Amino acid sequence: YLKISKLALAFAIIHSKPPGKSCKEYAEHLAKTVSEQDFRWKSKVEVLEAEVLRLRQELLLNKICPKFSLENNASAETVLDQECINPVSYSSQLEDSGCDVSNDFAFDSLGTASDFCQSEQNVNTSKCWLETVPPLNLCCTGKEGSLTTPVQFLQHLLEIRKLSEGGILQADFTVLDNDSSTVCKSVSQLLDGLTIFYNSPKFPVSAFLTEAVHVLISLITDTQLSNHVLKKCFKKLEEFNKSLIQIILRNGNINRFQTLQTVSHTLALLGRNNILRNSLISLLLSELRQFAEQLLQAHQIEAMYDITRYENIFHLFMILEQLLQSGTGESNSSSSDFDGEEKIRFLKNLDQMILHLSDEFPLLSLYLWRANVLLNSSQIQ
C-alpha cells in the first residue's frame, strides 16, 4: 500500500508540475509549503495550549482562595517598569574566568545564594502581599519568556500558602488532592525552561531567573505543597537532576567556573527535600562510582581518559559531601540515614580502588576516601 501511494504521489507531482520546473524542484517546493503550514498550525496549537493552562491556573487559584485575583495594580506595574529600565547591576568580575573568585562570591555574584537566603529571611513578613504581588518580569524575552506563566502561577500559590498560615487569608488546599495536574504541568514547564538556560547560561543571571530558582526551591521544601508535587512530578524532578549532573560533567568551556558553581548550588538546594535528597545522593554515587571504575581501567591499560570530566567530577564530590553532612528542611537527616543499592555498590571494593588510584590521582583518592567516611559515619559512631 505504501509503495502504491508513493508511486501515485510521484505521478501526481509529474502531471501537475508547472512548465519550467523540474520534478525535483516542484517536489521540494510542495514539501516546503506543507512544512510551513504544519509549523503555523503547531504554533497556533502551542498558543492555545498556553492559554488553556493559564485559565486552568487562574481557576485553580480561585478554587483555593476565591478572593484571589491575578489582576495587577498600578504600583506593581510601576515596580516592573523600574526593573526593566534599571536592571540589577552586577560585578565586573563576572567577565573574568573565575579563577580568583572565592566560592562564596561566586554564588553571590550569580544572585542565586544571596537572593535565596534574603528571601528566606523575609518569609515571615506579615504584610499583605496579595494586593501588591507584581507580575514576574513580563518584559522577558526568548528563553525567559516561556517561564513567565509557570513562575508567576507558582509564586502566587506559595504566597497564598504563606498568608493562609499566618491567618491573613482563608484557603482550601484540599482542592489539590483531586486537581494537582495544573501544578505539575507548571512545574514541568519551569524545569524545562531552567534546563534550557543551564545548558547555555548567559551572565549576569537576570533577577527573573534567580526568582524562578527561588520559586522552585520554595515549592519543593513547602511541607504541604511538596507532597502534591512529588506525587506526580518526581520522575520529572529526577530527570532534571540528571540533566544538571550531565551539564556539570560535560562542560568543557574555559570560563566554566560560574556555570558549574550555580548548577552545583541549585542541586544542593534541591537536596533540601528529603525524598529528592536520597534520590540525588543515589544519582551522584552512581556517577562517581562509574567514573572511578572507568578511570581505574584506563590507568591500568595506560589509555587516555577524559580530562574535562576528571576536572568537573570534583563538583559532584562537593555536592555529595554537602548533602551527606547537612540536614534537609524537613528533618535533621544525616549521612547515616541514607541507605540503598547505590551505597552498597559504591562502597564495594572502594578501598582497593583508592589504593590503586592514590599514586597517580591523589586528590581523587582523597575525595573518594572522604565520601567513604561520610557514608560509614553510623558504623564509626
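**Loop, salt bridges and helix packing in a predicted model**

Colleague: Where is the place of Gly 271?

Modeller: Gly 271 sits in the loop between helix H10 (257-270) and helix H11 (274-300). Please keep in mind that this is a predicted model.

Colleague: Is Gly 271 buried or exposed?

Modeller: Gly 271 is buried, because its relative accessible area is 4%, and buried means under 20%.

Colleague: How far apart in space are Gly 271 and Ile 281?

Modeller: The C-alpha to C-alpha distance between Gly 271 and Ile 281 is 8.5 Å, and the two are ten residues apart in sequence.

Colleague: Changing topic to charges. How many salt bridges does a search of the whole structure find?

Modeller: The search of the whole structure gives 13 salt bridges. One of the pairs is Arg 54 with Glu 51, whose closest N and O atoms are 2.8 Å apart.

Colleague: Why are Arg 54 and Glu 51 separated by about one helical turn?

Modeller: Both belong to helix H2 (residues 23-64), and they are three residues apart, so about one helical turn separates them. Arg 54 is partly exposed at 32% relative accessibility, and Glu 51 is partly exposed at 35%.

Colleague: With which residue does Asp 192 form a salt bridge?

Modeller: Asp 192 pairs with Lys 236, and the closest N and O atoms are 2.7 Å apart. This pair links distant parts of the chain, since Asp 192 lies in helix H7 (residues 181-199) and Lys 236 in helix H9 (residues 225-250), 44 residues apart.

Colleague: What is the relative accessibility of Lys 236?

Modeller: Lys 236 has 24% relative accessibility and therefore counts as partly exposed.

Colleague: Next, Glu 342. In which helix is it found?

Modeller: Glu 342 is in helix H13 (residues 341-347).

Colleague: And which residue's side chain meets that of Glu 342 in a salt bridge?

Modeller: That residue is Arg 345, with an N to O distance of 3.2 Å. The side chains of Glu 342 and Arg 345 are also joined by a polar contact of 3.2 Å. Arg 345 and Glu 342 are three residues apart in helix H13, so they are separated by about one helical turn.

Colleague: Which residues is Glu 342 in contact with, leaving aside its neighbours within four places in sequence?

Modeller: With those neighbours set aside, Glu 342 is in contact with Ser 282, Leu 285, Ser 286 and Arg 289.

Colleague: Lastly, helix packing. At what angle do helix H12 and helix H15 pack?

Modeller: Helix H12 (residues 307-325) and helix H15 (residues 362-375) pack at about 20°, with their axes 10 Å apart. H12 and H15 are therefore roughly parallel to each other, as angles under 35 degrees count as roughly parallel. H12 passes H15 in a left-handed crossing.

Colleague: Which residues of H12 and H15 make the contact?

Modeller: From H12, the contacting residues include Tyr 310, Phe 314, Phe 317 and Glu 321. From H15, they include Leu 364, Tyr 367, Arg 370 and Leu 374.

Notes:
Residues are numbered from 1 along each chain as its sequence is written. This is a predicted model: local features need pLDDT of at least 70, side-chain atom pairs count only at pLDDT 80 or more; totals for chains, interfaces and linings use all residues. Side-chain values use heavy atoms; hydrogens and water are left out. Helices (H or I, at least four residues) and strands (E, at least two) are DSSP runs, numbered from the N terminus. A polar contact is a pair of N or O atoms within 3.5 Å; within protein, one must be able to donate a hydrogen and the other to accept it, and residues adjacent in sequence count only if both atoms are side-chain atoms. Contact means heavy atoms within 4.5 Å. A salt bridge is a side-chain nitrogen of Lys or Arg within 4 Å of a carboxyl oxygen of Asp or Glu. Buried means under 20% relative accessible area, exposed over 50%, partly exposed in between (1.4 Å probe, protein chains only). Axes are lines fitted to C-alpha atoms, for helices over the stretch in contact, and angles run from 0 to 180 degrees between N-to-C directions. Angles under 35 degrees count as roughly parallel, over 145 as roughly antiparallel, 65 to 115 as roughly perpendicular and the rest as oblique. A crossing is left-handed if the near helix is turned anticlockwise from the far one by less than a right angle, and right-handed if clockwise.
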